[in-house]
Amino acid sequence: MAVRRLDDLAGTGRYAVPLYLALIAAGLTGNYFKFSILNVDFIFGSIFAMLALQFFGPGRGILAAGIISGYTYLAWNHPYAMITMTAEAAVVGFLVNRRKINLLTADTLYWLVIGIALGFFCFTVIADLPASNALFLMTKQATNGIANALIARLIFTVYAFHSRSSHIAYREIISDLLAFFVLATTLILLITQGRTDLAATDRYIRDRLTRDSRRVVDSMEVWVADRKSVIVNLAEMAASRSPQEMQPFL
């Protein structure tokens, strides 16, 4: 895979700084406008961090990833996502440039070998979360990261194809497209099933609350009827008795 700097791709460095800043701004925006499924947030900022990595190389790519992922500290009140996402850019940049591994494979290797373990350690040892919760969060984050890396690679492929400034192997394009269709199908099924399960859970809770409410109302009506009959009897007795005679009954 050829990952080349912007001045090599465009033939000039005139637009390097505006593009770099635009990618960071887009990444922060992608993290702000998250997509939630069953209280799990999927964010899109690392798409633009991976684009910065491909356009500008590892140094500025890692810096962009750190800035973009910094928003998660404000949104989630912990720095662990920032750590794993910045490390993602560093490891992927190393594997792509030094080991000549394509970006999607490098990103997948990072999450399977380093990312999940690193995040699991942070959540369980430092944050003292239950292991099941930490594993669920890291599985979500790994899926999110791999999907974002795939989208970033496809965007860069389209740019390279139209600008004819970088050669990308046909085999990599085919594998990325296949991965995209598989991942897109999986995410669509996950979203659909998640919403179905959420709707079913919501209906179950509503039905349960309705039954409990009716049971409480019936009990209250019986209680009020019993007290009402006693008060009516006392009122009838009070109509024909003096206060002194009513005292024992009261």
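The side chain of arginine 153 makes a polar contact of 2.8 Å with the side chain of glutamate 172; a polar contact is a pair of N or O atoms within 3.5 Å, where within protein one must be able to donate a hydrogen and the other to accept it, and residues adjacent in sequence count only if both atoms are side-chain atoms. This is a predicted model, in which local features need pLDDT of at least 70 and side-chain atom pairs count only at pLDDT 80 or more, while totals for chains, interfaces and linings use all residues. Residues are numbered from 1 along each chain as its sequence is written, and side-chain values use heavy atoms, with hydrogens and water left out.

**Arginine 153**
- Arginine 153 lies in helix H7; helices are DSSP runs (H or I, at least four residues) numbered from the N terminus.
- Arginine 153 is buried, with a relative accessible area of 0% (buried means under 20%, exposed over 50%, partly exposed in between, with a 1.4 Å probe and protein chains only).
- The side chain of arginine 153 is also joined to that of glutamine 54 by a polar contact of 2.7 Å.

**Helix H7**
- Helix H7 covers residues 131-163, which are 33 residues, and reaches 47 Å from its first C-alpha to its last, close to the 48 Å expected at 1.5 Å a residue (1.5 Å times one less than the number of residues).
- Arginine 164 follows H7 and has a positive phi, near 55°.

**Phenylalanine 180**
- Phenylalanine 180 is placed in helix H8.
- Phenylalanine 180 is partly exposed, with a relative accessible area of 32%.

Technical notes
Helices (H or I, at least four residues) and strands (E, at least two) are DSSP runs, numbered from the N terminus.
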